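Subject: Structure handover

Hello,

Here is the structure to look through before we talk. My notes on what was found in it follow below.

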Amino acid sequence: MAQLATAADLDQVADLREYLVLVPDPPKRRGIRHSLESILTLAAAAVAAGAQSFTAIGEWAADAPQRVLARLGTRFDPCRDRHAAPGEATVRRVLSSIDGDDLDTAISAWITATTTAGSPSERTPTAIAVDGKSLRGTFARTGGAGVHLLSALTHQDAIVLAQQNVARGTSEITWMQPLLDGIDLTGVVVTADALHTTRGLARYLTHRDAHYVFTVKENQHRLHARLQALPWPQATRHTSTGIGHGRLEQRTTEVLPAPDDLDFPHAAQVFQTTRYRTDRVSGKRENHTVYGITPLTPDQAGPATIATLLRGHWSIENRLHRVRDTTYGEDASRVRTGTAPRAMATLRNLAISAHRAAGRTNIAAALRHTARHATRPLTLYGIPT
């Protein structure tokens, strides 16, 4: 399968301003002092330099040199003969009222344009992980649902291709297909947790010429029991070991042809993965077995490939959700007004993806590097300096 190209492979990065200008301006009750494009571009640049809050964005803007503010498209004040940066209150008001779907669409289009090159067959990422994350700071003090976002991330490069808000009172299942609608899925393997192991999604992905690797848990008791009863001693298998988080782990993946009576759309193979873990300090041992299903044939994916895809799925937790929490302090954020929590998450996705496309694997180090010079965020986003 083809690989996702990085920005380092391209002659130049797409200009972010050309995509943000397409975001519709929310209705205003007052006169326009700053263009929406300039506010969004400035906020994106500040977040790429490590800004975690509206206050930090406002401080970055206040310190930005005139030539940077000019490139960001900020308003020129003829009375003062200088470009005026929008303040923290203006940034907060705009990001609280903007349409989150429109912003995500524009950002996803820029990421796609920046991280892909070559013919259509060469532009397709090998595998995409889909998972949701709740923004803890948006949960009401009295309880109740907060903002929950569903994201699609490439396994290999950990670049965010799309994000979708999960409306209150609904589940991730409802929003999975709208999330994937804007992504070219030809030849792609989509990985998801057991919540999304549904026949409807399997048919949707096959119709889109995509593949799936789904896990099956006991909430689907009939399918789980059928997989559990298969003759696993006859399966082909792959075993690997690794050390991490103070534990020694051995993983064995066994694969069998899907039985004819499985009653799951386009299933070609089923698998069983068992993890044996040993705590290196206490010596405590535990094991855990999961079952799964895929339309990939033995020629397309043997047990080693399936094991790689299963482990690759956790990149969305380790390389996106954890980075937003630990590096950007997302769970500690108290941004709650309007669409601001989603907009800030989108800008974090943008910054993380842009840094990864530029070849940086340590996002914390990338933010520090970018913060040391005001023009570096502009270069990251393809804005001439």
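Asp 209 is exposed, because its relative accessible area is 51% (buried means under 20% relative accessible area, exposed over 50% and partly exposed in between, with a 1.4 Å probe and protein chains only). Asp 209 lies in the loop between helix 8 (199-207) and strand 7 (211-216); helices (H or I, at least four residues) and strands (E, at least two) are DSSP runs, numbered from the N terminus. Its phi is positive, about 60°, although Asp 209 is not a glycine. For background, most residues other than glycine have a negative phi, and most peptide bonds are trans.

Two notes on the basis of all this. The model is predicted, so local features need pLDDT of at least 70 and side-chain atom pairs count only at pLDDT 80 or more, while totals for chains, interfaces and linings use all residues. Residues are numbered from 1 along each chain as its sequence is written, and side-chain values use heavy atoms, with hydrogens and water left out.

Asp 81 also has a positive phi without being a glycine, here of about 55°. Asp 81 sits in the loop between strand 1 (75-77) and strand 2 (82-84). With a relative accessible area of 58%, Asp 81 is exposed.

Domains and cores

The domain assignment of the protein chain gives domain 1 (7-101 + 335-381) and domain 2 (185-301); such bounds come from an automatic or database domain assignment. The C-alpha centres of domain 1 and domain 2 are 41 Å apart.

The largest nonpolar core has 95 residues, and Ile 57, Trp 110, Leu 185, Leu 205 and Tyr 381 touch the most other members. A nonpolar core is a set of buried Ala, Val, Leu, Ile, Met, Phe, Trp, Tyr and Cys residues joined through side-chain atoms within 4.5 Å. Helix 2 supplies the largest share of this core, ten residues. Domain 1 and domain 2 both give residues to the core, so it lies between them. Another core, of ten residues, lies apart from it and includes Ala 127, Val 189, Leu 296 and Ile 306.

Leu 185 is in contact (heavy atoms within 4.5 Å) with Ile 128, Leu 180, Val 190, Tyr 204, Leu 205, Arg 208, Asp 209 and Ala 210, not counting residues up to four places away in sequence.

Helix packing

Two packed helices are described by the angle between their axes and the distance between the axes. Axes are lines fitted to C-alpha atoms, for helices over the stretch in contact, and angles run from 0 to 180 degrees between N-to-C directions.

The axes of helix 2 (residues 36-48) and helix 3 (residues 54-63) come within 9 Å and cross at roughly 100°. These two helices are therefore roughly perpendicular to each other (under 35 degrees counts as roughly parallel, over 145 as roughly antiparallel, 65 to 115 as roughly perpendicular and the rest as oblique). Helix 2 makes the contact through Leu 42, Ala 43, Ala 45, Ala 46 and Val 47, and helix 3 through Ile 57, Trp 60 and Ala 61. The residues of this contact divide into eight nonpolar, no polar and no charged; Ala, Val, Leu, Ile, Met, Phe, Trp, Tyr, Cys and Pro count as nonpolar, Asp, Glu, Lys and Arg as charged, and the others, Gly among them, as polar.

For helix 2 and helix 5 (residues 88-97), the axes come within 10 Å and cross at roughly 105°. Helix 2 and helix 5 are therefore roughly perpendicular to each other. Leu 36, Ile 39, Leu 40 and Ala 43 of helix 2 meet Thr 90, Val 91, Val 94 and Leu 95 of helix 5. Seven of the residues in this contact are nonpolar, one is polar and none is charged.

Single residues

Gln 164, in strand 5 (residues 160-165), counts as buried because its relative accessibility is 11%. Leaving aside neighbours within four places in sequence, Gln 164 has contacts that include Asp 101, His 148, Trp 175 and Arg 342.

Ser 134 is in strand 3 (residues 127-134) and, at 27% relative accessibility, counts as partly exposed.

Val 323 belongs to helix 11 (residues 315-326) and is buried, with a relative accessible area of 11%.

Regards
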